[in-house]
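Student: I would like to learn how to read strand pairing and a chain-to-chain contact in a model like this one. Could we begin with the strands?

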Amino acid sequence: MVSRLEFDAIVVGAGGAGLRAALELAPHAKVAVISKLYPIRSHTGAAQGGIGAALGNMEEDRWEWHTFDTVKGSDYLADQDAAEVMCREAIDTVYELERWGLPFDRTPDGLIAQRRFGGHTRNFGEGPVRRACHAADRTGHMILQTMYQQCIRRNVTFFDEYQVLDLLVENGVCHGVVAYRVADGDLVTFHSLAVLFAVGGFGRIYKVTSNAHALTGDGVAIAWRRGIPLEDMEFFQFHPTGIYKLGILLSEAARGEGAVMVNDKGERFMERYAPTMKDLAPRDMISRYIYQEVREGRGIGGKDFVHLDFRHLGPDVLVHKLPDITEFVRVYMGLDPARELVPIQPTAHYAMGGIPTDIDGRVIIDEHDTPLLGFYAAGECACVSVHGANRLGTNSLVDILVFGRRAGRHMAEYVREGAAAAGSHNPDLAIRGEIERLRGGTGDESAATIREMLQQEMMDKVSVFRTGGDLDAALQTIHALQERFRRVRIADRGRQFNTDLLEALELGYMLDLAEATTASALHRTESRGAHSREDYPQRDDVNWLKHTLCYRRDGRVEFRHKPVVITRFAPKERTY
Amino acid sequence: MNVTFRIRRFNPEADASSYWGAYDVDAEPTDRVLDGLHYVKWRLDGTLALRRSCGHGICGSDAMVINGRNRLACKVLIKDMGRVITVEPLRGFRVLKDLIVDMEPFFAKYRAVKPYLINDDPAPAKERLQSPEDRARYDDTTKCILCAACTTACPIFWSDGDYVGPAAIVQAHRFIFDNRDQAADERLAILAEESGAFRCRTIFNCTDACPRGIDVTRAIQDVKRAILLRGVSG
């Protein structure tokens, strides 16, 4: 059975970007937040180290310096107008969080406390600066809790545990979504004048990842299937300090507080690669250098990991500033970071690419910035682009707040103008066929097996270092797995809480995003930021200082390009 | 290593009552119990239903009863649980399917304590100041992830579903002792009611159960003391 609900605006995803947009919309519009999880289960809650904003509470800082760091960190692929907006508005969004009650750590004078973070510098690269505003190493948890609290205060309507399956688009205007109610398997159409996708990332396409099980990129794939391009998908960030094999994140705040990485010889190897910033160089570079150490035989015991050394920090720093990661190391590794070295390896962490948007969160569908009216995206699923080829630490939290707020504001205005006609009363529910096909499938393939093979292939061939041959092989594997996916058989044929069905759906989305990521990586024949092609080791500004737009047309992948917006920082070689 | 998972199963579309399913799981000793449940779901029986997301103790999705105690499945390792691991849904909530319970009554109680900062003074241009000492007073209760492990470990809650429960008191504590907040009396009045903090008999099950290491019983005592000191009535 299909039920129908109407709102002015729909927000899909209840992480930081979605909640921030909902808070902006709530006073002006009838808004509903739809999430496949409970709101406070979203992955914003796993962010640890801090949110970057040039408050200057601990030392001089300026948002222009933050902008420069963001642009340089992006390997000059970020759109500089967007980066400026983000770094300037970051300051106010942090104050706003504090006024909503966020329990930031404090300086002795009672100001918001700040710490160092990778790639954040004073005076255009002179040395590290204290810019990351923090609440111990659980800053994301506090942000998510604080915004959910404010949503309760404002009586925002939530639809928890609804899996969005499709966008309703008619005559080039978006006017709602189709969702699957997990509790009973019914479809619900949500009709609205505006829809925001704030659906997060898709790190689960990789075997070793810091991302939650839920991060399968459903909404991003849904947009792609609807003909919307995906921008800069070849850029996927590997965070250098994941717990070995598990991928659980050990925040850059560890290094911000003074922890260092060492190789098998006990050498602090980052001093060789980045003499100024050392262990606080950006993540893409450090992940490459870790694997370079491993390749040259200096991994620990000749294996594929190095050590993170907290031992000199003292128990006070661990207890008060890094309590959660200290506990992760104890629980999952059985190690005491105050006394023992911690094995780490790069872990798939963040998609710089995603659904293309302008600085108001409007989804754009081509290189001429043509918007798809009524459709917005914000947060990790979106590509504004403020992160370019490599995101700086803390900037994901800045992104969700600044662009969640901007998208919410624009949506409120768009809804007030009533610019779009309300959609059809009988939307095409082709998606119902897919659900029934999956539920009734009689094939012989297991979703879990296909998922494992996909994650392994992506880890082996589409991670930190890439070659044309590997990418080509990976693309063949993905196509073969997509073919096998058509023959998936699920065990649970029921309607209530059919998580077997949901996981199969998620796998379909993951396969599509793996395809877009790999095809885009094969397409870009240069090395920039997180995209490192061993067969094209140099950055090539002449041919590739541009964004990739990856389309799916009639089952095939096609590419177009969009220029990078450069305002005040001319591309330079990137050294730290 | 080989371990046996005994899982309390219930499918509302097929079963009149719940039953124990037994599954042989091949696991690494350092695997999480959640990994074992995934082994069952992904290799042995895809119909097993559970909630989980982050996999490392932050999101609060996978609280359940493991070997008789409330824990997060992603935060206990198989090697510490013995050769036979029993897994049941949280107690005191309606079971919807297998390990999935109805969380709505829990969140309704959370919402009832006004879990948001209330301060109607004009907003300053920058941050409100707060000393590190004032910030420290409510630090412990900011860690709560609303997993419900504490509330569903409480015998008072088992016997009286109206009791607001430890988690809601923890959430109220986080604001009552935040000196930026101005509505402590409103929350204390709610917690002074019959269903409030004085139902607690300091059994400490909540503190034992908390996967975040919050001293829940102490937080409840702080709230009781504040009610008495301020002479608030429900």
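Tutor: Two strands count as paired if DSSP finds at least two bridges between them. In this predicted model, Phe5(B) stands opposite Ile85(B), which lies in strand 5 of chain B. The strands concerned, strand 1 (residues 2-9) and strand 5 (residues 84-88) of chain B, pair in the parallel sense over four bridges.

Student: In what order do the strands of the open sheet in chain B lie?

Tutor: The five strands follow the order 2-1-5-3-4, with mixed pairing, and the edges are strand 2 (19-26) and strand 4 (69-72) of chain B, each of which pairs on one side only. Helix 1 of chain B packs on this sheet, touching strands 1, 2, 3 and 5 of chain B, and its direction makes about 95° with that of strand 2 of chain B.

Student: How is the size of an interface expressed?

Tutor: It is often given as the accessible area lost when the parts come together. Here chain B and chain A bury about 5200 Å² between them, 50% of it on carbon and sulfur atoms; within chain B, the residues that lose the most area to chain A are Trp42(B), His56(B) and Glu127(B), together 13% of what that side buries.

Student: How many salt bridges cross the interface of chain B and chain A?

Tutor: The rule finds nine salt bridges across that interface, and the side chains of Asp324(A) and Arg212(B) meet in a salt bridge at 3.1 Å, N to O. Residue pairs in polar contact between chain B and chain A number 37. Helix 1 of chain B gives the most to the side of chain B that touches chain A, with five residues.

Methods
Residues numbered from 1 in each chain as written. Chains lettered and ligands numbered in written order. Predicted model: local features only at pLDDT ≥ 70, side-chain atom pairs only at ≥ 80, totals over all residues. Heavy atoms only, no water. Buried area = accessible area lost by both parts, 1.4 Å probe. Salt bridge = Lys/Arg side-chain N within 4 Å of Asp/Glu carboxyl O. Polar contact = N/O pair within 3.5 Å; in protein donor to acceptor, adjacent residues only side chain to side chain. Helix = DSSP H or I, 4+ residues; strand = E, 2+ residues; numbered from the N terminus. Contact = heavy atoms within 4.5 Å. Axes fitted to C-alpha atoms, helices over the stretch in contact; angles between N-to-C directions.
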